[in-house]
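Take a moment to turn the structure around on your screen.

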Amino acid sequence: MLPIVVIGAGPAGLLAAGRAAECGAQVRLLEKNHQPGRKLLITGAGRCNITSAVDRDTFVAQFFGQGRFLYPALQTMYREELLDLLARAGVHCQVDHQGKYFPITNQSGDVLAAMLRYGQRQGVHLATDSAVSSIVKKPDHFEITTSQKTVLAGAVILTTGGMTYPVTGSTGDGYRLAAQLGHSIVPPRPALAPLITEQSYVRDLAGLSLPDVEVRLVQPGQKPVIQRGDLLLTHKGVSGPVILRLSRELKGTASLHINLQPAMTRPELASAILERFAQGGRQHIKNCLHDFLPHRLVSPLLTAAGIEMDRLAAQAGRRTAEQIAQAISDWTLSVTGTQGVHIAMVTAGGVTLREINPATLESKLVPGLYFAGEVLDLDGDTGGFNLQAACSTGYLAGQSAAAALLGNPGNNR
Ligand SMILES: Cc1cc2nc3c(=O)[nH]c(=O)nc-3n(C[C@H](O)[C@H](O)[C@H](O)COP(=O)(O)OP(=O)(O)OC[C@H]3O[C@@H](n4cnc5c(N)ncnc54)[C@H](O)[C@@H]3O)c2cc1C
């Protein structure tokens, strides 16, 4: 019987290959890099946020309207099953106060080693330096051409990842391969990417973290999108969870309206500032605002809003307090774009879900062809969602491909 060939040794491919072999299939895993799992190694800043503590319904809600597709995969493998698989392969994980799971060693390399061990124990044959350039469907098998040779397969699982952070090997090859086999591709674009801002003074604030702010993304001809969370100022603009989440909505240029005090209405904020001025006496107003703004942001924000900051608090009236409340609750920055595909954490878009059976992850167009991981038109928020989705879909695809192939002995498909 011909083997199952899995293309791409990221987390989706490693779990697909391991599970297919565990179910009794002969499995070859082809990876174009010299080393497997390069992207996995840089996840979670090298610590690998492998999954999340949330329940399944909350999990699927993190996939921007596409998550329902994941239910069967999560039914087959969710957090406990993944953590158990990793533990059996030698890596134990723990959850932090935000509900994020990491290996207890805080080393992504340990997670990669465990995933490789899982496949090795099941007899997966891994071939590195094997970039797949074409997949041809024949009546009863597939012909796969790599940089080294042609491989025949009874079934193919495509796990080539997205097209962001291409230095890791995820260069969008899977979209071309899937399109050659007749699949439609939702145009890929960067998601979870920092944004570049026009205002040069932002660069001087690099490293400043603004917890729990509300950000409204406003673009011409589009409905504004609002998100709340932590924001980080960078050398090029803005980042942090709230920005990464908004980045997938960016179509071109836009403006960001940041409310630094979302818990208060603007009149409440103005009153609180006025009260503070009343206690300030001969202090400059810029020295009375530290309850409302981080120290480093006071001068740039007041300057940008055209507010005279060296006035004495005693001389500042309601109107000044209202102007400052306006500046704090609607700090506006112009966005010129994302920092691009080379740095974005995931790809939005990909192989359209309509053409794939969610219960098996088999193509509805090409029997024997399966998909898993980020090559699919699925992208989740930060917090361990993307890795869990890659693992769950990989596991289900491996299991389904093996069942289809082995369930029909003598069928060489
Ligand atoms: C900086 C960064 C940090 C991240 N942190 C987290 C995190 O902490 N938690 C989280 O959940 N997600 C995180 N992610 C996202 C997560 O890494 C991905 O969603 C996940 O790796 C996708 O897994 P995958 O197996 O589908 O694809 P990938 O991991 O991209 O693997 C695809 C593999 O296919 C190979 N390949 C591509 N084309 C071919 C070809 N033609 N022939 C053979 N092989 C090929 C590639 O070389 C690669 O090894 C992060 C991403 C980045 C960039």
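Strands S8 and S9 are joined by a hairpin of three residues. The model you are looking at is predicted: local features need pLDDT of at least 70 and side-chain atom pairs count only at pLDDT 80 or more, while totals for chains, interfaces and linings use all residues. Numbering starts from 1 along each chain, in the order its sequence is written.

S8 (residues 142–146) and S9 run antiparallel, with four bridges between them. Strands are DSSP runs (E, at least two residues) and helices are too (H or I, at least four), numbered from the N terminus; two strands pair if DSSP finds at least two bridges between them. Glu143 sits opposite Leu152 of S9.

Now look at helix H5 (residues 79–88), where Arg79, Leu82, Leu85 and Leu86 are buried. Seen down the axis of H5, these buried residues fall within an arc of 135 degrees, so they line one face of the helix; the arc is that of the directions from the helix axis to the C-beta atoms. Glu80, Asp84, Ala87 and Arg88, on the other side of H5, are exposed. After H5 comes Gly90, with a positive phi near 105 degrees.

The cover over the buried residues of H5 includes these elements, where contact means C-beta atoms, placed from the backbone, within 7 Å:

| Element | Residues |
|---|---|
| Strand S3 | 51–52 |
| Strand S4 | 93–95 |
| Helix H6 | 108–122 |
| Helix H12 | 385–406 |

Of the 37 residues around the ligand (C-beta atom, placed from the backbone, within 6 Å), Gly8, Gly10, Gly161, Gly169 and Gly373 come nearest. Helix H1 (11–22), helix H2 (38–42) and H12 each give two or more residues to this shell.

Finally, step back to the whole chain. It is divided into domain 1 (4–190 + 345–406) and domain 2 (194–339), with bounds from an automatic or database domain assignment. Their C-alpha centres lie 40 Å apart, and seven residues of domain 1 are in contact with six residues of domain 2.

Terms used:
Contact = placed C-beta atoms within 7 Å. Buried ≥ 20, exposed ≤ 12 C-beta atoms within 10 Å, placed from the backbone.
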